[in-house]
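Here are a few exercises to work through with the model open beside you. Try each task before reading its solution.

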Amino acid sequence: SSDVCSSDLQGDSAAAWQTATPAVANAPNHETQVRWLRVGIDAGQARAVLSFVTAQSPGDRGALVAVEALARLRMGQPAEAVALFTNLPVDRFEPTDALAFIDTLDALSGMRPARQAASRFTRADASWIEVTARRALLASRAGDARESSRLSDLVHGTDRSEEHTSELQSH
């Protein structure tokens with residue numbers, strides 16, 4: 001039957017997480033471990049992921065802070081997630097982490113704090129395009145037409161590089 005109960009799906013994700021748990025625990029490096037933990041969150045196993053992360057020694061948790069924040073967010077703990085994201089260095093964010101942080105901060109504290117946080121994420125490559133779009137939206141909401149237009153140009157691939165280069169050189 002094509003009708004699948006959400007409890008069946010939850011059971012399947014729980015079983016999948018049980019199968020993946022040894023792979024997480026024995027991952028050859030933090031990058032692989034983080035990927036597995038993100039799969040667990042996506043599979044609806046935020047509580048199990050959080051249990052795993054919080055059981056790690058403090059020295060090993062640095063690479064797992066974003067995962068902990070996402071798990072807490074999925075568990076309905078947005079303030080805790082924002083606190084974790086706030087102290088996370090920019091280079092530890094994935095684009096999905098940045099979006100979760102910006103959107104949660106916007107919902108909890110408003111557009112200004114969200115825009116300030118979003119300004120930390122300046123990468124403009126393809127994997128970060130949604131973050132750039134969110135920055136453009138926040139700039140527009142703030143009434144900053146020039147910044148919104150500049151960011152929108154980046155999103156739409158119409159960055160006028162010469163104009164921006166001369167703009168940067170004049171500062």
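Buried means under 20% relative accessible area, exposed means over 50%, and partly exposed is in between (1.4 Å probe, protein chains only). This is a predicted model, where local features need pLDDT of at least 70 and side-chain atom pairs count only at pLDDT 80 or more, while totals for chains, interfaces and linings use all residues. Residues are numbered from 1 along each chain as its sequence is written, and side-chain values use heavy atoms, with hydrogens and water left out.

**Exercise 1.** Work out how α3 and α4 pack.

Step 1: find the helices, which are DSSP runs (H or I, at least four residues) numbered from the N terminus. Helix α3 covers residues 46–54 and helix α4 residues 65–74.

Step 2: get the geometry. With axes fitted to C-alpha atoms over the stretch in contact, and angles running from 0 to 180 degrees between N-to-C directions, the two helices pack at about 145°, their axes 9 Å apart.

Step 3: list the contact (heavy atoms within 4.5 Å). On α3 you'll find A46, V49, L50, V53 and T54; α4 brings V67, E68, A71, R72 and R74.

**Exercise 2.** Decide whether A46 is buried or exposed, and find what it touches.

Step 1: A46 has 7% relative accessibility, so it counts as buried.

Step 2: skipping residues up to four places away in sequence, A46 touches G40, I41, A71, R74 and M75.

Step 3: check M75 along the chain. A46 and M75 are 29 residues apart in sequence, yet their C-alphas sit 6.6 Å apart.

**Exercise 3.** Explain why α4 is largely enclosed by the rest of the structure.

Step 1: count. Of the 10 residues of α4, 8 are buried, so the helix is largely enclosed.

Step 2: look at what surrounds them. The buried residues of α4 pack against α2 (30–42), α3, α5 (78–86) and α6 (95–109).
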